[in-house]
Every structure is written in structure tokens, then in C-alpha cells.
Amino acid sequence: KERKRIGHASSSYNKPQSMTPNVIQFTKVFDLYAKDGGIIRIQRANKLTESQNAEIARFVAFHEEHLCIANVEKDGRFGPGPFVDESGFVTRSMLCMPVYNSERKITAVTQLINKLNGTPFNESDANIIEAFSIFTGLGIHNCQMYENACRLMAKQTVALEVLSFHATAGQEETERLAKTDIPSGQELNLYSYDFNDLILSDDQTLQSVICMFKESGLVAKFRIPIDVICRWTLSVKKNYRPVAYHNWRHAFNVTQSMFTMLFTGNLLNMFTDLEVFAKLVACLCHDLDHRGTNNAFQTKVVSPLAMLYGTSTMEHHHFDHSIMILNSEGNNIFQSLEPDQYREAIKLLEFCILSTDLALYFRAMMMTACDVAAITKPWEVQREVAQLVANEFFEQGDVEKSQLGETPIAMMDRDKKDELPKMQVGFIDDICTPVYEVIILVTISNTWLIN
């Protein structure tokens with residue numbers, strides 16, 4: 001053949017009856033000249049609309065069928081001759097065939113122009129070019145998929161950069177916290193089971209976190225720079241949403257409960273320094289970016305999170321969000337760990353956070369015990385926290401009623417708020433008490449072994 005031409009179409013679509021072939025546009029045309037030793041030339045964009053060969057290609061793409069013409073000029077369907085392009089090339093015979101992608105959509109058109117022996121194209125030529133067009137279609141499709149994947153990766157990278165910037169604490173607030181005189185754990189009452197965060201300001205909660213990591217010896221043992229732990233703490237706080245209960249204050253209280261159980265409860269000797277480090281980090285991060293709705297709700301509304309994670313939906317999200325913060329510049333409090341220690345810390349972090357799914361609550365009892373520790377607080381604190389939990393549940397129930405048209409379970413039904421005390425007692429008896437009974441036995445046994 002004298003020339004092989006591949007025209008790449010810009011799009012595919014379902015055609016209304018009023019449409020004509022002229023609506024089809026080609027983005028590029030590649031001409032392969034056999035007589036010139038296989039030279040490939042790319043047609044200029046302005047020639048794509050003027051070219052008579054492009055008109056034939058549009059006809060084939062529009063009607064979705066191949067076309068074999070022995071003499072283009074005598075055929076008469078595409079205007080009078082002569083069919084000569086700007087280079088002087090004369091089109092006599094032509095075989096034109098659409099190119100499909102894997103979805104059976106036309107993405108290009110292949111044209112064979114003028115057989116070298118001067119005879120018209122035949123069925124054998126059509127079979128060969130059909131096979132060629134199949135491979136061409138696959139090649140174009142793969143290139144498009146690769147280009148799309150590259151663009152999506154670039155978009156994802158930009159999105160992560162933006163997210164990381166806005167989710168990370170600023171330099172000014174980091175320096176301010178780093179320069180603050182941190183009160184002792186005794187002054188902040190951090191060693192007490194009766195700890196009450198309600199009397200603390202947000203700044204004092206931040207100071208308390210720094211204090212716990214310092215007085216546990218973790219800052220010194222794992223060589224955590226003060227600016228890093230301050231920035232990380234601020235970033236974690238920033239990534240909790242202002243929902244009624246599963247917010248920064250809840251995460252802070254869970255962390256303090258773990259700190260108290262380890263140091264006041266004499267359980268410290270049961271764990272390595274790295275395990276203590278991972279536990280405290282996990283407690284502070286265990287509900288990151290919580291939306292105030294549970295796993296069942298995420299599954300019910302087929303949320304992107306539910307599609308991403310099959311089980312323990314929110315817990316997997318909390319862990320991934322923790323990793324995102326750690327990977328943000330200046331936030332990696334594990335940065336001084338050896339590679340083996342780092343891998344172990346991340347594995348422990350994942351285990352502890354996923355264990356806060358109450359469906360797995362006996363998997364890591366200390367995490368569960370800290371997560372529900374509000375029920376162990378003095379009555380004034382316990383009552384206020386219980387109301388916060390109820391408010392968050394009721395908000396989810398309201399959405400289920402108004403948007404899903406469903407009747408929520410009793411604990412999330414605002415119309416059944418009078419049953420809240422009974423449900424709270426049931427939760428304490430069925431979920432909380434068994435965990436604390438086991439931990440008490442472990443604590444007694446541990447104390448006996450120490451003595």
C-alpha cells in the first residue's frame with residue numbers, strides 16, 4: 001500500500017438521528033508512506049477539517065462500518081475529483097475501517113490508500129486490516145488508560161499535598177506550644193482515675209498530651225524533637241471534626257485513661273517502651289476524622305469509606321488518617337526509630353486502632369477499657385458525657401429518618417430518649433463491666449507477681 005493512515009477520533013457517542021458525519025472530530029492523523037521508506041508524518045490540525053480523506057474517515061466512524069472503494073473519484077459520494085492532497089499525493093482506491101476500544105466504542109479510523117500494484121483492495125486486504133485495527137484499538141485504549149492513570153495520580157498527589165498542608169499545624173502555633181511551660185502530671189491530675197477534662201481549656205489539653213509523653217519517658221527514650229511532638233499533637237487535634245462526642249476531647253480522655261492504667265494501675269511492667277509509645281499514639285489517633293456516624297450507617301448509605309473498607313470501616317479510616325499525619329512533613333514522631341522498630345510501631349498502631357471496633361472489643365481490652373472509660377468517671381462527668389454520646393446517636397438517627405426513610409435502632413431514636421438510662425445501664429453491664437473485671441484480675445495478678 002502506498003499510504004496507511006490512522007485518524008484518532010476525539011470521542012464516541014450515541015448519535016441522534018439529526019446528526020451528520022461532520023460532528024465527528026479527529027484529534028490527530030498519522031500518515032505512513034510506504035514508498036518513502038515508512039516515514040510517518042503528522043497532519044496539521046487545520047488540515048483535518050479540509051481533508052477529503054478525513055471526510056471519508058468521518059463517514060466510516062459515523063456509520064460504524066468499513067468502506068472499500070475501488071475508485072474514489074468515480075464513487076462520487078465524497079465530491080468530485082481530483083483527490084489530491086497538498087503534497088501532490090493522489091488518492092485512487094481506499095480501504096477504510098473503524099477502530100474499536102475494549103468497550104466497542106470507536107476511537108479511531110484506519111485508512112489504506114492505493115495498493116502498490118494498482119489493483120483495488122479486496123476481502124483479503126479487509127481481513128488483514130481488520131486484525132490490524134483490533135491491535136491498534138487496544139494500543140490506543142491502553143495509551144488512553146495510561147494517560148488517564150497518570151492524570152489521576154497527579155490529581156491525587158496534588159490533593160494529598162493540599163490536604164497535608166491544611167491538615168498540618170502551622171509553624172507559629174507549633175513554636176508557641178513548644179515554648180510553653182508544661183505543668184507536671186500531678187498539677188494536671190493526669191495520674192488520677194477521676195480526671196476531668198471539662199475544666200481544662202484546649203491549650204491545657206495540648207499541654208497535657210506533651211506532659212504524658214514527657215513523664216512517660218518516651219520523648220527522651222525515642223529522641224522525639226520537641227517541635228515534632230508539638231506539631232504532631234496540634235495536627236492530630238486539627239484533624240478531629242467538631243462532632244458531639246467522637247472529637248478531640250474524647251481522644252484526649254482515652255489517652256489519659258491509658259496513661260493512668262499504665263502508671264497508676266501498675267501495668268507498665270507488662271509492656272515494652274515501644275508498646276507503651278504505640279498505645280499512647282493509638283489512643284490519641286483512634287477516632288481521627290470521625291464523622292459522628294457508625295460503621296453500620298456508612299455501609300447503609302454506601303459511603304466511599306464503606307466502599308474502600310470492607311470491615312471495621314471507620315477504624316481503618318482512623319488508622320489511615322494517622323499514617324497520613326505521620327507522613328506529613330515535620331509530624332513523624334516515630335522518625336528516630338530503627339527500621340525494625342518503626343515497622344513494629346506501625347503494626348501495633350494498626351492493631352490498637354482497629355481493636356476499638358466494638359465488634360472486636362475483647363481483641364485488645366486495654367484499648368476498649370480506655371475507649372469507654374467515661375462510664376468510670378464521677379457521676380457529674382459520666383452524666384455529661386453520656387448526654388454527648390446520646391446527642392451524636394440521635395443526630396445519626398435523625399438522618400436515617402429524614403434522608404433514608406428508616407426507623408433507627410432505639411439508642412439512636414430521639415423519640416425513645418426516655419429509655420436512655422435503661423440502655424446506658426445495659427451497655428455498662430454487657431460491654432463495660434466484663435472488660436473491667438478481666439483487667440482487674442490481670443492487675444491483681446501482676447501486682448502479686450511484682451511483690
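This is a short tour of a predicted model, one selection at a time.

**Stop 1**
Select Phe30, Leu32, Ile40 and Ile42, and show their side chains. Together these residues make a nonpolar surface patch of about 360 Å². Now colour strand S2 (26-33) and strand S3 (39-42): each supplies at least two residues of the patch.

Stay with Phe30, which sits in strand S2. Why does Phe30 count as partly exposed? Its relative accessibility is 31%, and the partly exposed class lies between under 20% (buried) and over 50% (exposed).

**Stop 2: the largest nonpolar core**
Next, go inside. In soluble globular proteins, nonpolar side chains tend to be buried together. Here the largest nonpolar core has 69 residues. Select Phe213, Trp232, Phe277, Ile333 and Phe334, the members that touch the most others in this core.

Which residues does Phe277 contact, leaving aside its neighbours within four places in sequence? Select Phe213, Leu218, Phe222, Ile224, Ile333 and Phe334 to see them.

**Stop 3: helix H8**
Finally, select residues 226-238, the 13 residues of helix H8. From first C-alpha to last, helix H8 reaches 18 Å, close to the 18 Å expected at 1.5 Å a residue. Now highlight the buried residues of H8: Val228, Ile229, Cys230, Arg231, Trp232, Thr233, Leu234, Ser235 and Val236. You have met Trp232 already, among the residues with the most contacts to other members of the largest core.

Note on methods. Residues numbered from 1 in each chain as written. Predicted model: local features only at pLDDT ≥ 70, side-chain atom pairs only at ≥ 80, totals over all residues. Heavy atoms only, no water. Patch = residues over 30% accessible without salt bridge, like charges linked within 9 Å, V, L, I, M, F, W, Y side chains within 5 Å. Areas by Shrake-Rupley, 256 points an atom, 1.4 Å probe, with all protein chains shown as cover. Salt bridge = Lys/Arg side-chain N within 4 Å of Asp/Glu carboxyl O. Helix = DSSP H or I, 4+ residues; strand = E, 2+ residues; numbered from the N terminus. Buried < 20%, exposed > 50% of the residue type's maximum accessible area, 1.4 Å probe, protein only. Core = buried A, V, L, I, M, F, W, Y, C linked by side-chain atoms within 4.5 Å. Contact = heavy atoms within 4.5 Å. Expected span 1.5 Å × (residues − 1).
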